[in-house]
Amino acid sequence: MLVSAAPSIAVAQEKVVRMGNQKVGAYALMKARGILEERLKPLGYTVTWKEFPSGPQLLEGVKAGVVDFAHSGDAPPIFAQAAGAPLLYIGHEPAAPKGEAIIVPKDSPIKTVADLKGKKIALNKGSNVHYLLVRALEKAGLKYTDVELVYLPPVGGRAAFEKGEVDAWVIWEPYRTSAEMSLGARTVADGTGLVSNYEFFFTSKTFAEAHPQIIEVVLGAARDVYAEAAKDIRGTAKTFSAAAGFPEPVMEVALSRRTFDILPISSSVIAEQQRIADTFKDLGLIPAAINVSDAARK
């Protein structure tokens, strides 16, 4: 009993909030502005930051106990929960269906999703765009097996796309806008009418049990940096440009395809996540059925 309780006791006694972030997003803004450190210092907490290239890796950090807070698109938590990650949904951004898309080279003969049959498509396995492709193929009357998937992270996907090694790339912002502006890439379909493309915020269940009061501090800081970001898109683009290495004009266009807010988890949002989970189970992408509500903050 003492052995099994030890990790929880350690987390409860440790007044350190370990934040996981990507180069772009609310947490990246919080890190750049130091707002979380300011709000937690009076409570006796310190903050550490660890950056990850994308959602799947970030949620793996939660599973490994490397970070206490994380954020990602809608598909990574499905894979993470199926793999036993002790994650807890604590909030989400408004739907952003235009924030991800299926793109092709400017001179490609591909005009519609139906034209993707038999083609080679790059995407980041387990990311939000994975579900977009599934829904887009379904709507076009194609089966998941009608296309050849090439699993690549964003940087690898961009390289393969640019070299012509794949016929299409399913990708999110700002990589999509970057490819449009620098390569003339064309959008075959974005998420409109297909997916909500929510961005979610998570903590670990262990941390939530030990420090429940910190969750609202983190979410409050995220809401406040987003409120400021919405008032200054150009300044926000400049901040993200410096962090992510994308030109400011690219970031401005990418940011125009989304809204800035943090909303509480609702039953309808969890139901939509459950549909994604069920779809992935039917396709054999996750090994067993999961109950998404088990990971929802009550």
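Modeller: Pro-174 sits in the loop between strand S8 (168-172) and helix H8 (175-183). Helices (H or I, at least four residues) and strands (E, at least two) are DSSP runs, numbered from the N terminus. This is a predicted model, where local features need pLDDT of at least 70, side-chain atom pairs count only at pLDDT 80 or more, and totals for chains, interfaces and linings use all residues. Residues are numbered from 1 along each chain as its sequence is written, and side-chain values use heavy atoms, with hydrogens and water left out.

Biologist: Which peptide bond is cis?

Modeller: Most residues other than glycine have a negative phi, and most peptide bonds are trans. The bond from Glu-173 to Pro-174 is cis, with omega near 0 degrees. Asn-197, not a glycine, has a positive phi of about 55 degrees.

Biologist: Is Asn-197 buried or exposed?

Modeller: Buried means under 20% relative accessible area, exposed over 50%, partly exposed in between (1.4 Å probe, protein chains only). Asn-197 is buried, at 8%, in the loop between strand S9 (186-190) and strand S10 (200-204).

Biologist: What does Leu-36 touch?

Modeller: Contact means heavy atoms within 4.5 Å. Not counting residues up to four places away in sequence, Leu-36 touches Met-19, Met-30, Val-47, Trp-49, Val-217, Val-218 and Ala-221.

Biologist: At what angle do the axes of H6 and H13 cross?

Modeller: Axes are lines fitted to C-alpha atoms, for helices over the stretch in contact, and angles run from 0 to 180 degrees between N-to-C directions. The axes of H6 (residues 128-139) and H13 (residues 267-282) come within 11 Å and cross at roughly 75 degrees.
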